[in-house]
Amino acid sequence: MRPIISVFAFILVLGFSSGARAAEPSTANPSDAIRGFYRWYVTELIANRQPLNNRRELKRFATERLLNQIDKMKNSPDGLGSDYFLDAQDFDNLWAKNITVSDVKVSGKNATAEVRLTGKGEMRRRLKVSLISDGAAWKIDKVQGRE
């Protein structure tokens, strides 16, 4: 009876772990990496959490170089002034679901893309996002506002 329970437990654990991985956002190409990041980031803001304080999760989506640069900006006398990744001081809840990625250009390990976050009325942002591939994933390395 024990071998049957062990096999059942193994299958159950395997099923849960593979299901959890399927729910994680893909970073296999620049568009998916950007959509996954902004969906996570804005959802964190909606939940009144501070995504910039979640270094472990940020490392999945952004380069270490960028995270260090943001830390330096946060600690400077002027501070950030606005949200680095949104280029805005406020956000719209609809941005988590209305992410458009276009004009993706890949050159070796580098990529750029235009990003639109669309909300109610005038609540929209246009961004240029630069990414770097670390071999296994595309990570954001720079965000520039287009407004």
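The legends below describe close-up views of a predicted model. Residues are numbered from 1 along each chain as its sequence is written, and side-chain values use heavy atoms, without hydrogens and water. Because the model is predicted, local features need pLDDT of at least 70 and side-chain atom pairs count only at pLDDT 80 or more, whereas totals for chains, interfaces and linings use all residues.

View 1. The structure holds one cavity of 30 Å³ or more, a cavity being a set of points on a 1 Å grid over the protein atoms alone where a 1.4 Å probe fits but cannot get out. The largest cavity has a volume of about 40 Å³, and L52, R55, L58, L67, I70, D71 and K74 line it, where lining residues have an atom within 4 Å of a point. Among the elements involved, α4 gives the most to this lining, with four residues.

**View 2. The ring pair of F37 and W40.** Rings of Phe, Tyr and Trp (its six-membered ring) pair if their centres lie within 6.5 Å, with planes under 30 degrees apart counted as stacked, over 60 as edge-to-face and the rest as tilted. The centres of the F37 and W40 rings are 6.1 Å apart and their planes stand at 50°, so this pair is tilted.

**View 3. The ring pair of W40 and Y41.** Here the ring centres of W40 and Y41 are 6.1 Å apart and the planes lie at 65°, so the pair is edge-to-face. W40 is buried (under 20% relative accessible area, with a 1.4 Å probe and protein chains only), its value being 13%, and Y41 is buried with 0%.

Key. 1 Å grid on protein atoms, 1.4 Å probe; cavity = no way out; pocket = protein on both sides within 12 Å on 5 of 7 lines; lining within 4 Å. Points joined across faces, edges and corners; volume = space filled by probe spheres on them. Helix = DSSP H or I, 4+ residues; strand = E, 2+ residues; numbered from the N terminus. Buried < 20%, exposed > 50% of the residue type's maximum accessible area, 1.4 Å probe, protein only.
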